[in-house]
Structures are given as structure tokens and as C-alpha cells.
Amino acid sequence: MACSIWRSSAWGVIVAVALGASLLVSGCSGERPSAPPPLDSSAPSQGSLAPSASLDAAAAVEAAYTQFWPRSAQTPHKPEDTWRDAIAAIAIEPQLSVTLEAMRRNKAAGFTTYGEVVVRITSVEVSGDTAKVVDCQDASRAGQADARTGDPKTVGVPRMPVTATMKRDQASGQWKVARLRFPGGAC
């Protein structure tokens, strides 16, 4: 995993080491749906949650995942002593530590982030306090830049598959990113 992390686009490396598996160019079928996908009525029960509560949970998961990207990209531009609190607001372990370590490595190497990732969620599955988000994001206007000059060094790709495990933080009740995976291939 470490080798593919450092070969990934700058965006993945800078925002979080776990963000960095290879940014592969491939076809993505379709755009993000306008609303969370309907729940499969043949799927196992979501416990005592009513259908509207399940849709509300999926919407909350989607919002938390979507906010992870710009907030984690902005954090390296702030004083390092603020990083932990900023990332802890959007991620829990193990992603919290992975993201912070990647930011420290990139700072030491003289890199920062630029641009923004466009999230294109294709599915959200909620099961209790855990959720899975599948995304085919566009990172083609984001990447790694020289921290001193701001000159872009790398750029992401327009179709990058990402799978996120989200967990509801027991202390705050907020959904947060617990793990990001980059499976490679087409999306």
C-alpha cells in the first residue's frame, strides 16, 4: 500500500495517505443521482429505523462524506497545531491518523494542495452506525503544488473510484470518515 500511496496523485497524497492509491483514468457511467438511491426492500432490516429515518441517515452520511473533501484540503493551509482538531471534526480512526500523517509528510516535502475534488456519489448503504459510500470523483482540477511558489506539480484524474467507510461518532453523533479506499479500475 505505501508504494501505491506515493505514486498516487498529489491530491490523494496530500489530503491523506489513505487517499492515495493510484488515481486511475477510466470511464465512469453516469453522474451522481439527485437524491440518495432508494433502499432495497429485500435488504436486511435497518433495525428499528423507519424508511424515512433510513433516508435521513443516508442523507447525513452523504453530507458528511461530501464535506470531508474540501475541509481536509483546506486544513494543510492552516497552522499545524490546528490540524488535529480540524480533521477530528470530519474523520475518526484510523483515517484521522492516516490523514494527519500524510499532511505532515507533505509539509516536510514542501507540498500543499490546490483545487477541489468534485464528489459524484453512486451509492450510500447505511447499516446502524456504519455506512459505505461509493464515489466516482473528479479530481482533475485538484492536486499537489509547491508550498513555496504555489506552482502545480501534479493533477488528479476525472474519474477516480473511492469507497469510504463512515462511522457515527459515539461522542458527537456525527457521521465521520473512518477509512478511505481507492480500489483502482474503472468507475
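C187 is buried, at 17% relative accessibility. The cut-off for that class is under 20% relative accessible area, so the value for C187 falls within the buried range. The model is a predicted one, and every value below is computed from it.

The bond joins distant parts of the chain: C136 sits in strand 3 (residues 130-137), whereas C187 belongs to the segment after strand 6 (175-181), and 51 residues separate the two. C136 is also buried, with a relative accessible area of 1%. The torsion about the S-S bond of C136 and C187 is about 65°, and the disulfide is therefore right-handed. A search of the whole structure finds one disulfide. A disulfide is a covalent bond between the sulfur atoms of two cysteines.

The charged side chains come next. Side chains of opposite charge can pair when their charged atoms come close. The structure holds six salt bridges, among them the pair of K107 and E80, with an N to O distance of 2.9 Å. This pair, too, links distant parts of the chain: K107 lies in helix 5 (residues 95-109), while E80 is in the loop between helix 3 (51-74) and helix 4 (83-88), 27 residues apart. K107 is partly exposed at 47% relative accessibility. E80 is partly exposed as well, with a relative accessible area of 34%.

R105 counts as partly exposed at 33% relative accessibility, and E101 counts as partly exposed at 32%.

A further salt bridge pairs D138 with R141, where the closest N and O atoms are 3.6 Å apart. Which of these two partners is buried, and which is exposed? D138 is buried, because its relative accessible area is 8% and the class covers values under 20%. R141 is exposed, because its relative accessibility is 53% and the cut-off for exposed is over 50%. Elsewhere, salt bridges that share partners join E80, R104 and K107 into one network.

Notes. Residues are numbered from 1 along each chain as its sequence is written. This is a predicted model: local features need pLDDT of at least 70, side-chain atom pairs count only at pLDDT 80 or more; totals for chains, interfaces and linings use all residues. Side-chain values use heavy atoms; hydrogens and water are left out. A salt bridge is a side-chain nitrogen of Lys or Arg within 4 Å of a carboxyl oxygen of Asp or Glu. Helices (H or I, at least four residues) and strands (E, at least two) are DSSP runs, numbered from the N terminus. Buried means under 20% relative accessible area, exposed over 50%, partly exposed in between (1.4 Å probe, protein chains only). A disulfide is a pair of cysteine sulfur atoms within 2.5 Å.
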